[in-house]
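Good morning, and thank you for the time.

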Protein chains: 2
Amino acid sequence: MKGPKRSLDVPKIVNAVLELLAEDPAAVPTLRGVAAHLGVRPNTLYTYVPDRAALEGAVVEHLLDLAGPGVLTGGAPWRERITGYALRLRAELLARPGAVPFFLSGPMTGPSAALVGEGLLAAFTEAGLPAADGARAAYAVMVHVLGSAAMAAADLPGPEVSPAEAVRTRRAALAAGPPRIAAVADVAAAWNSVEQFEWGINRLIDGCVPSLR
Amino acid sequence: MKGPKRSLDVPKIVNAVLELLAEDPAAVPTLRGVAAHLGVRPNTLYTYVPDRAALEGAVVEHLLDLAGPGVLTGGAPWRERITGYALRLRAELLARPGAVPFFLSGPMTGPSAALVGEGLLAAFTEAGLPAADGARAAYAVMVHVLGSAAMAAADLPGPEVSPAEAVRTRRAALAAGPPRIAAVADVAAAWNSVEQFEWGINRLIDGCVPSLR
DNA sequence: TATAAATTTTGTACAGTGTACATTGTGCAG
DNA sequence: CTGCACAATGTACACTGTACAAAATTTATA
């Protein structure tokens, strides 16, 4: 190796993104912001990453991994493994709404994504699903987790509005709507709660595994 | 009313957005692009719409409506009503990937969204679900539709790569991955097909409606 | 009918964004 | 010690959404 020493590497950059997200979880990190946080000029990042999309992909990989895909192949019953990972991934995303767009702005290739897919597939296989249906079920679970997180992030209230206040506002809006929805405003206004998320994936799993039907 | 006549209105602007999406379905329309398409300076739009988010909301409303929420309360069996609307909405979104971000960048308030929620709730109620579970199920269905569309849009190949080619590339990538996924590469590579989408919502519905279990 | 008031549209501008290109500087191989 | 390969920078460009003041236009009133 010739040339000057590299001052950074991809993990350090990903880490900077996470630090930005820790400071302001709702703000979508920007290339220039990351560079500034690292005390470096924006174009320096292009030494380590071909473009913004690649950086986003690296962050996605990190977060998929942070949620601990290991639990998917652990010793717990298959259902708890699936819901466990889903809940953890959801939690990581809701803790960083600003990172959610990264998951939906490019394909999820990469080893961690493959690992998650493999783990979900293993769990569904253990549940008795044929391989093809297992693949479909695994994909459906990811759709549900990412979809929920994206919709929750989309409904985030502005700066400094308490969650409780947000629910109250939402409930009022729903109560003023069509009759059937108005009648369940209490439930519908809290759709981004953990309980309702658990209800959702569990129903999805119920439907995917025929031995439960 | 004094002042000069208005040259536009919100429907005309929404229509311009749809025309831009028709020209290039994958491109996310921009305020300036819409203004140019209407032969008007960018800031003119601010007479009709407070900000970009509001315009996006109007487009979302239009597309939710375009998918025909009327079918949700029609005479067909409840299951066909749900899958019917889900399939149509999905189709409208996949035909305009550039509009998908609009659905996930702000809350879905508005009459059409309420109508869709009401229709889904009615269908699930007819299926025998208690109201609270119906609300949860309705939300889960929207999560699935929007989640699928978003993930499909995220995986869109660049300009001028045939879908068949894309599937082939994806299959090759999957086949090189972990064993279980590699074994079902054929199925997994086509996850954004209509069949697999139908499989997904149908499994979700199965899980949501206890009389089917 | 002339004037004033209201309101749409525009001109101009600013603070951002990602990224391309040429330049400068650093550090190891010869 | 020299030269080369590469990292980091300076500068720049085409974009984005949006704010503000000026201009243009229409209608209601004097």
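Predicted model: local features only at pLDDT ≥ 70, side-chain atom pairs only at ≥ 80, totals over all residues.

A disulfide is taken here as a pair of cysteine sulfur atoms within 2.5 Å. Cys208(A) takes part in no disulfide, and the cysteine sulfur nearest to its own, that of Cys208(B), is 11 Å away. Seen from the other chain, the sulfur of Cys208(B) has its closest cysteine sulfur in Cys208(A), and a separation of 11 Å is too far for a bond. Are these cysteines buried or exposed? Cys208(A) is buried, at 3% relative accessibility, and Cys208(B) is buried with a relative accessible area of 3%.

Let me turn to the fold of chain A. Chain A has 11 helices and zero strands, and its pattern along the sequence is accordingly written α-α-α-α-α-α-α-α-α-α-α. The C-alpha trace of chain A spans about 65 × 45 × 25 Å along its principal axes. Of the 213 residues in chain A, 48% are buried. Among the contacts in chain A with a separation of 6 or more, 65% are between residues 24 or more positions apart.

Next, the contact between the chains. Chain A contributes 44 residues to the contact and chain B contributes 45 residues. Between them, chain A and chain B bury about 4,100 Å², and 73% of that area lies on carbon and sulfur atoms.

How many salt bridges cross the interface of chain A and chain B? The rule finds two salt bridges there. In one salt bridge, the side chain of Arg180(A) meets that of Glu118(B), with an N to O distance of 3.8 Å.

Which elements of chain A give two or more residues to the side that touches chain B? They are α6 (111-126), α7 (131-154), α9 (179-183) and α11 (194-208) of chain A. The largest share of that side comes from α7(A), with 17 residues. By class, the side of chain A that touches chain B has 28 nonpolar, eight polar and eight charged residues.

I come now to the charged pairs. In general terms, side chains of opposite charge can pair when their charged atoms come close. Over all chains, the count comes to 22 salt bridges.

Consider Arg79(A) and Asp206(A), which form a salt bridge with their closest N and O atoms 2.4 Å apart. Arg79(A) lies in helix α4 (residues 78-94) of chain A and Asp206(A) in helix α11 of chain A, so this pair ties together parts that are 127 residues apart in sequence. The two partners may also be described by their accessibility. Arg79(A) counts as partly exposed, at 23% relative accessibility, whereas Asp206(A) counts as buried, at 3%.

A second pair sits within one helix. Glu92(A) forms a salt bridge with Arg88(A), and the closest N and O atoms are 3.9 Å apart. Both Glu92(A) and Arg88(A) lie in helix α4 of chain A, four residues apart, about one turn of the helix. Glu92(A) is buried at 15% relative accessibility, while Arg88(A) is partly exposed at 40%.

Asp206(B) is buried, with a relative accessible area of 3%. A polar contact of 2.4 Å joins its side chain to that of Arg79(B). Asp206(B) also forms a salt bridge with Arg203(B), the closest N and O atoms being 2.7 Å apart. Why are Arg203(B) and Asp206(B) separated by about one helical turn? The reason is that Arg203(B) and Asp206(B) are three residues apart in helix α11 of chain B. Arg203(B) counts as buried, at 17% relative accessibility. In chain A, salt bridges that share partners join Arg79(A), Arg203(A) and Asp206(A) into one network.

That concludes the presentation, and I welcome discussion.

Note on methods. Residues numbered from 1 in each chain as written. Chains lettered and ligands numbered in written order. Heavy atoms only, no water. Buried < 20%, exposed > 50% of the residue type's maximum accessible area, 1.4 Å probe, protein only. Contact = heavy atoms within 4.5 Å. Buried area = accessible area lost by both parts, 1.4 Å probe. Salt bridge = Lys/Arg side-chain N within 4 Å of Asp/Glu carboxyl O. Nonpolar A, V, L, I, M, F, W, Y, C, P; charged D, E, K, R; others polar. Polar contact = N/O pair within 3.5 Å; in protein donor to acceptor, adjacent residues only side chain to side chain.
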